[in-house]
Amino acid sequence: MSDLAVQIHEHNRRLDAIDRKILTVLQEDASLSVAEIGDRVGLSSTPCWKRIQRLEADGVILRRVALVDQNKIGLGITVFVSVESADHSEAWLKKFADAVSAMPEVMEFYRMAGDVDYMLRVVTADMQSYDVFYKKLIGAVPLKNVTSRFAMEKIKSVTALPVPAAA
């Protein structure tokens, strides 16, 4: 078994049904008090709080954040940007990753398998703002091809992961 597979297996084994319920509840509403979370998962406050602290310490819970409606803050355009590169060296990737990671418009950034090398989800206020972003992107490092796909309507968007049952 690979190191990653062993780590995943160990995490799955350490997460019992109560841990999984806590994760589900927190993903629905992280603003709930520990007492409210405990009530929903069948624990008193102290054991519930200790479990949440362990899940945070183990890196299962990365952070707790507020979700913001992008349209209500003036970020009305979502663009999926696929990038192809002629250079696949480690030095090029580091420079590209550093540049893209520093761009606040980039919400997600993936290295892909298949016909494109990288995929970005970008949000901007309008087409002019996207054009400024695009020029910054293509000026960062040499790129073979950049394709922009503009989302016309968001049909589904969730942040909660489907927590699998204990194995």
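At what angle do H2 and H3 pack, and how far apart are their axes? I began my notes with this pair, keeping in mind that this is a predicted model, in which local features need pLDDT of at least 70, side-chain atom pairs count only at pLDDT 80 or more, and totals for chains, interfaces and linings use all residues. Residues are numbered from 1 along each chain as its sequence is written, and side-chain values use heavy atoms, with hydrogens and water left out.

**Entry 1: H2 and H3.** I looked up the pair and found an angle of about 125°, with the axes 10 Å apart (axes are lines fitted to C-alpha atoms, for helices over the stretch in contact, and angles run from 0 to 180 degrees between N-to-C directions). H2 and H3 are therefore oblique to each other (under 35 degrees counts as roughly parallel, over 145 as roughly antiparallel, 65 to 115 as roughly perpendicular and the rest as oblique). The contact (heavy atoms within 4.5 Å) is made by Ile18, Lys21, Ile22, Val25 and Leu26 of H2 and by Ile37, Arg40 and Val41 of H3. I took helices as DSSP runs of H or I with at least four residues, and strands as runs of E with at least two, numbered from the N terminus.

**Entry 2: the sides of H3.** I noted Ile37, Gly38 and Val41 as the buried residues of H3 (buried is under 20% relative accessible area, exposed over 50%, partly exposed in between, with a 1.4 Å probe and protein chains only). They cover an arc of only 100° around the axis, which puts them on the same side of H3; the arc is that of the directions from the helix axis to the C-beta atoms. The face turned away from that buried side carries the exposed residues Asp39 and Arg40, while H2 and H4 are among what covers the buried ones. Just after H3, Gly42 has a positive phi of about 85°.

**Entry 3: H4.** In H4 I found Cys48, Arg51, Ile52 and Leu55 buried. Seen down the axis of H4, these buried residues fall within an arc of 100°, so they line one face of the helix. They pack against helix H2 (17-28) and helix H3 (34-41), whereas the face of H4 turned away from its buried side carries the exposed Lys50 and Ala57.

**Entry 4: Ser85.** I located Ser85 in the loop between strand S1 (77-84) and helix H5 (90-101). Ser85 counts as buried because its relative accessibility is 4%. Leaving aside neighbours within four places in sequence, I found Ser85 in contact with Trp92, Asp117 and Lys144.
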